[in-house]
Amino acid sequence: MYREEDYIQLSALQHYLFCPRQCALAYMEMTWEENRLTTLGNLLHERVHEAGREKRGDVITARGVALSSARLGLSGQADVVEFHRGATGCALPRESGRWQPFPVEYKRGKPKKDSCDAVQLCAQAICLEEMLGCAIPGGALFYGESRRRFDVAFDAALRRDTEACAVAVHVLLASGVTPPPVAGKQCGSCSLNERCLPETLSKRLSGYYQRLMSNEI
């Protein structure tokens, strides 16, 4: 169990899987820059959070839900949590019966080849399970570019990856050491590109290690 003062932001997991250096710059050095892509993403999240809470039939939709997990040392906010009336789930204030939580995370672009978005969503589910005392087998990712929802099953493998990622982020931020840059295709869409200087610093480090190996240093 983590102390509350040691909690890390839930969103740091997605940043870590995208790039550990970006995660350290944003959450350890508190460096962040907006670009067109991050601005569009922020606008999408603001629109999602505007409506608050509503009930339609057997579905209650809550927006901007505060989350935390003492076990993983996480805190943050879910874009949307749907509660579906059924045989499983949790009790809700002023509502009868059981309600099954179903977290939905909104993303600006399109589905990614890696699991970084699924890990972030799974971390939200783990927080909700700890807070509400019920199992949450799945959720969904909504992508603004395709305007489609994609279901995500929180299976054992994804849960292991999520918990391992949370531990890795805690270790990274506790170390106080920002990882060196590794230039890649993802750098072009990173809002910290100009501050990180991945290509410039990667070349300098590469030259340093080459000279070190040849005993010039």
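Trainee: Is K107 buried or exposed?
Mentor: K107 counts as buried, because its relative accessibility is 12% and the cut-off for buried is under 20%. Keep in mind that this is a predicted model.

Trainee: Which residue does K107 form a salt bridge with?
Mentor: E105. Their closest N and O atoms are 3.5 Å apart. E105 counts as buried too, at 2% relative accessibility.

Trainee: Which residues are linked in that network of salt bridges?
Mentor: E105, K107, K112 and D117.

Trainee: How many salt bridges does a search of the whole structure find?
Mentor: It finds 13. One of them joins the side chains of E82 and R149, at 2.7 Å from N to O. That pair links distant parts of the chain: E82 sits in strand β4 and R149 in strand β7, 67 residues apart.

Trainee: And E82, buried or exposed?
Mentor: Buried, at 11% relative accessibility. R149 is partly exposed, at 37%.

Trainee: New topic, helix α5. What should its span be?
Mentor: At 1.5 Å a residue, its 20 residues should span 28 Å. The end C-alpha atoms are 29 Å apart, which agrees.

Trainee: Which residues of α5 are buried?
Mentor: L158, T162, C165, A166, V169, H170 and L172. Down the helix axis they fall within an arc of 165°, so they line one face of α5.

Trainee: What's exposed on the other side?
Mentor: R160, V171 and A174.

Trainee: What covers the buried residues?
Mentor: The cover includes β1, α1, α2, β4, α4 and β7.

Trainee: What follows α5?
Mentor: G176, with a positive phi near 75°.

Notes:
Residues are numbered from 1 along each chain as its sequence is written. This is a predicted model: local features need pLDDT of at least 70, side-chain atom pairs count only at pLDDT 80 or more; totals for chains, interfaces and linings use all residues. Side-chain values use heavy atoms; hydrogens and water are left out. Helices (H or I, at least four residues) and strands (E, at least two) are DSSP runs, numbered from the N terminus. The expected span of a helix is 1.5 Å times one less than its number of residues. Buried means under 20% relative accessible area, exposed over 50%, partly exposed in between (1.4 Å probe, protein chains only). The arc is that of the directions from the helix axis to the C-beta atoms. Contact means heavy atoms within 4.5 Å. A salt bridge is a side-chain nitrogen of Lys or Arg within 4 Å of a carboxyl oxygen of Asp or Glu.
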